[in-house]
Amino acid sequence: MWKYICKRIAVLIPLVFLVSFIVYALMDFAPGDPVRSLVGENMTEEQLEQKREELGFNDPLIVRYGRYMKGVFQGDFGKSMYGGKDVLTEYMSRLPYTLKLAGLAILLTIIIAIPLGVIAAVKHNSWIDTIASTTAMMGLSIPGFWLGLMLMLLFSLQLEWLPTSGAEDGIKSYIMPAITLAVANASLSTRTTRSSMLDQIRADYLRTARAKGVNEKTVILKHALRNALIPIITIIGSQFTVMFSGAVVVESVFSWPGVGNLTLTAIRGHDITAATSYAILTTVLTAVTLLAVDVLYAYIDPRIKAQYTGK
Amino acid sequence: MKKLLAILLCACMILSLAACGGKEEEAPAPEDTKTPEEAVQSGEAKIAETLVIGYDNDLDSADPYGSTSSQCAWYTNATFRTLVKSDYDTGELVGVLAESWNDVNGDATIWELKLLEGVKFHDGSTLDAEDVKFTWEYAKDAANVVKPIASADDMVKEVIAVDDQTVQFVLNYAIPDFISYLEIKIYSKDAFDSMDPAEAGLIGCGPYKVGELVSGVSYALERFDDYYEGTEQFPTKTIVCKAFSDNNSAVAALQAGEISYCFRLPAASYRTLDSDSKVNLVTRPGVMSYYIGINHRKAVWQDVDMRLALAKAINRDDIINVVFEGGITASRSDNFCIASGKGHDASVKAPAYDVDGAKALLEKCGKVGQEVKIMATASAGSKDMGEVVQANLNAAGFNATIDLVDGTNWTELKKTGDYDIFVGDYCSYSGALLYNFNRFFSDGGTSNMFDFHSDEFMEAIDKVRACATYDEMVAEFSNLQVWVAENVPLIPVAVNTAFAGARTNVGGIKLAPSDNLQEVCYLYATE
Amino acid sequence: MSMFKKFSKKQTAAATHDPATFDGEYVLNVENLNVRFETDDATVYAVNGIDLKLKKKQTLGLVGETGAGKTTTVLSLLNLVPDPPGVVSADRIEVNGREVTKMSAAELQTMRGKEISMIFQDPMTSLNPVMTVGDQIAESILLHENVDKKTAAKLAGDMLETVGIPAERGSEYPHQFSGGMKQRVVIAIALACHPNILIADEPTTALDVTIQAQVLELMNGLKEKYQTSMVMITHDLGIVAETCDEVAVMYAGRIVEKGTLEDVFRRTKHPYTEGLFNSLPKMNDRSSKLTPIPGLVPDPTVIPEGCAFAERCPYAKESCFTKHPENRWVSDTHMVVCDAYDDPDFHIKRGR
């Protein structure tokens, strides 16, 4: 197993190079002059040119990229063009907020989706199934920012139970953003659970279990669900990684100090160093999470473990 | 049966969700209460130690020369002090750290300033002439972004610290209103000698010093008790600004009472906040100028008659009504020099709305049906204005189309884009008389992105500069305004109305015309 | 070609004789079992009026083509017919003297695995892929015996040894075993609690012939060892010959002939059974063509008016199409459901 994990981590290095080069080059080729975006209309052409020279923008792409990557491997992810803050420090100070929110959202997703999906599958085609499936579909169709704003309207402004935004109020701050994220995730996960369970419910080995005298609840939860978990975990795992950079909408609505906004701001402000650094950090984080999910597979399904270890 | 159930369920959900969205807050009529100022005076209310305000951006730098952002500007308005200040209401130039100044040789080539004594910086050091000299040279040469005086680097030959309290600026040529360029925030040289530049750049002599900065969450100001003027005017000990990602969240937070004051609010929130009994709205004329820029690289627009045709075709009142809610969030502007700008001549008016006149000009030039590509960004105000202008132009015989572009490359696009006109805005505040006219219309002006060139203009502006006294400059400036109005290098449209929202228990509100001029140091809230 | 004679509609006395049953001697007693599956499109009549009796320590072979209703019949014994589409009705379904349809869920769960076990056709899919084989056997033990986990694990290991697999392999997963060994595991699971009835639904169909022999040998040995009664479902007459004491032949959800092994094999009476035997390839006559039964199994959504086999029967007469054939006992042990025997001289070709 360790060999497998080490192999996966080793693959990260070329991956980081690939991603960082693509992002760096793309941002460089993107229309617009980053230096002009930075200084606005405050400088004459000569001053602008001088600034460009100072910031090293006149060197060829490869040189700049090389300089940047050298810094990265020494642990220096560069400084933001706007305000000169250290990129790595910024990212690390905001990461816990994103992780905590993502963690809570996934927890809610699991709590909602798996029971709902299992019930929908077991009571396939009954009215419970119809309600669960329809609700899941609606949840998937509701735009995140709209849901977030509606929740805010109801719980913050009307009822005054929860704070409107920010992460200051302890657990209360987490509730609305986590719910907003969880609704979309849970909808997809419910559908996945349901269909994966349906695949299993007809399986022969369940018949064997029943013939042994196992009660129905155990048949569903211990035998069927465990076999149905692989696709479910895949979906939930990827939802978790998407939230690292993709919770931008929720972060915007609730002014959540996470890392999603950082990347967006960097890209829009043409801050090449910061954007590439955030891309690298997100890549590493995502890859590690996916690795953890893959390792989890091995503990659920011994056939997969056999694949990894070659037994 | 199953299908019917599913449809019924969907219908129920949709209806209940739609019902949710329609809630309007009915604010009850307020009772007669004292204003915060009265309450404090009568001793009824205490002042809160901490005040929470909101802004829709995180603080990128607490170093006044570390960023051009407006949040950096207003934050450092509280932590730093400048040599002189131009009162944005009266237009008067007052000394701040500079007690007095004089024209040494009488020919406006050397200006000497006397500095106040006993001004303390946050690190304990005292203000002296070396600090001023250091600031000028550091800010000029350092690898940072903002220059103390844009487009005016070549003005100063050298800065001399004559003695502790006296500093001289030796100019390359005579500039009668040079002092008005000295609204620059002063560093402490001692701080830079003893600390890391990243930290030293945060040390100023303002009434507040840098407080707790939590990235992405909030940035705070702590009162500096050794402030040279004393701290009576600054009742709040700690001012915390919450960083929002979106100014609609700030509106929600203001309504919920999570922040007490916010001066950057979306225009659309005006009505909502107006009807909220717990929030007071403060308004004043702003300095955000909206205009229609013209691409002078294209031959057709180098003909002044065609520009006049454009100007006559555009109906400012239409724009005010549609884009600015009938005049609530902006008022019309008929002069490139805005009403509250230095040297504004109220008699000067840009060409009035005259559709027939526009049509006639088009026929005269033989350009009926002239194509006009309007460049605007997708943001609401820009797009809306573009659409009104398009309608106006089409009604006058032009053939106008709109091109929506991404705002991130706006500056670059103004320089290189293939457009005929664009919807523009700029902050027109300046203490210096010619600042805006110079940067927009002079050859090589930093804001002259549309390559306007006119020898006549250059002569006219030089005439202003050549005046011996400030009053003469103002008189000559009127002529410049007339020239600009008649020759239409661009079309001024409107000036915004700045507004801020404050909870009813907030006092000390001093609303400045633009974000970067705000002074939050006087604010307080009663408990 | 046999000769047809017109039969009278009246039943002859000999046809209604039913040999006496042994009270308490039948571990399985099924009377008039009917199972239909009600779907949105149509109703499938899978089992139509089956009677089954299994004595202690006996092996009953249930023979028939695919779709004859064999699996459904035995699933009803455990009350495992899937409930939404399936509707089970019977005069009697008794396992060890107790009526299955009246049992509560808890009673059913106790019965399954402890009194009556079932092994299924495809070993590849019958085992839970994510549980070790040891755990799957132990699960059965833990459900029915009052032992702790460690003992259950040991007993599971013993069971593995009994079916010829080293006990250490109990910690391995199904995918690590070959087809034949998987089926042994399945057998181990079924017999772990020593039930007195074992239902084997085509246990060797999915295995190759050599493995087949091994597994059958194992089953016979275990049957002896644990004194288990068995119902062996198969379409392979060779297996019936090897393992069964009694045989019941099913066609279209009905039993058309039943008796001892000798009765059915040597004194075959029903035309369908004859057809089955005829369709076996002849070892001695390699060059002759195979003789299948002409025609197809009837549509299970339709209950025929007369005999279900009439369309394909070489001996059918007109009344066969309109009248349900009677149960005829030709001896104490041998019953055939065919109206051709109205004529006392009638006989089929086989056995002559």
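Colleague: Before we start, what are the ground rules for the model?

Modeller: This is a predicted model, so local features need pLDDT of at least 70 and side-chain atom pairs count only at pLDDT 80 or more, while totals for chains, interfaces and linings use all residues. Residues are numbered from 1 along each chain as its sequence is written, chains are lettered from A and ligands numbered from 1 in the order in which they are written, and side-chain values use heavy atoms, with hydrogens and water left out.

Colleague: Let's begin with chain A. What secondary structure elements are in chain A?

Modeller: Chain A has 14 helices and zero strands. Helices here are DSSP runs of H or I with at least four residues, strands are runs of E with at least two, and both are numbered from the N terminus. The C-alpha atoms of chain A fill a box of roughly 85 × 60 × 30 Å along the principal axes.

Colleague: And how much of chain A is buried?

Modeller: Of its 311 residues, 53% are buried. Buried means under 20% relative accessible area, exposed means over 50%, and partly exposed is in between, with a 1.4 Å probe and protein chains only.

Colleague: Why is Tyr4(A) called buried?

Modeller: Its relative accessibility is 13%, so Tyr4(A) counts as buried, the limit being 20%. Tyr4(A) belongs to helix H1 (residues 2–29) of chain A. Leaving aside residues up to four places away in sequence, Tyr4(A) touches Leu291(A), Asp294(A) and Tyr308(A); contact means heavy atoms within 4.5 Å.

Colleague: What makes Tyr91(A) and Tyr278(A) a stacked pair?

Modeller: Rings of Phe, Tyr and Trp (its six-membered ring) pair if their centres lie within 6.5 Å; planes under 30 degrees apart are stacked, over 60 edge-to-face, and the rest tilted. For Tyr91(A) and Tyr278(A) the centres are 5.9 Å apart with 25° between the planes, a stacked pair. Tyr91(A) lies in helix H5 (residues 87–122) and Tyr278(A) in helix H13 (residues 272–300) of chain A, so the pair ties together parts that are 187 residues apart in sequence. Both Tyr91(A) and Tyr278(A) are buried.

Colleague: Then what makes Tyr187(B) and Phe192(B) edge-to-face?

Modeller: The angle: 65° between the planes, with 4.7 Å centre to centre. Tyr187(B) is buried at a relative accessible area of 0%, and Phe192(B) counts as buried at 13%. By the pairing rule there are 53 aromatic pairs over all chains.

Colleague: How do you know that the charge of Arg169(C) sits over the ring of Phe177(C)?

Modeller: The rule asks for NZ of Lys or CZ of Arg within 6 Å of the ring centre and within 35 degrees of the ring normal. The charged end of Arg169(C) sits over the ring of Phe177(C), 4.2 Å from its centre.

Colleague: Why are the buried residues of H5(C) said to be on the same side?

Modeller: They are Ala152(C), Ala156(C), Gly157(C), Met159(C) and Leu160(C). They cover an arc of only 160° around the axis, which puts them on the same side of H5(C); the arc is that of the directions from the helix axis to the C-beta atoms. On the other side of H5(C), Lys150(C) and Lys154(C) are exposed. Helices H4 (133–144), H6 (179–191) and H7 (209–226) of chain C are among what covers the buried residues.
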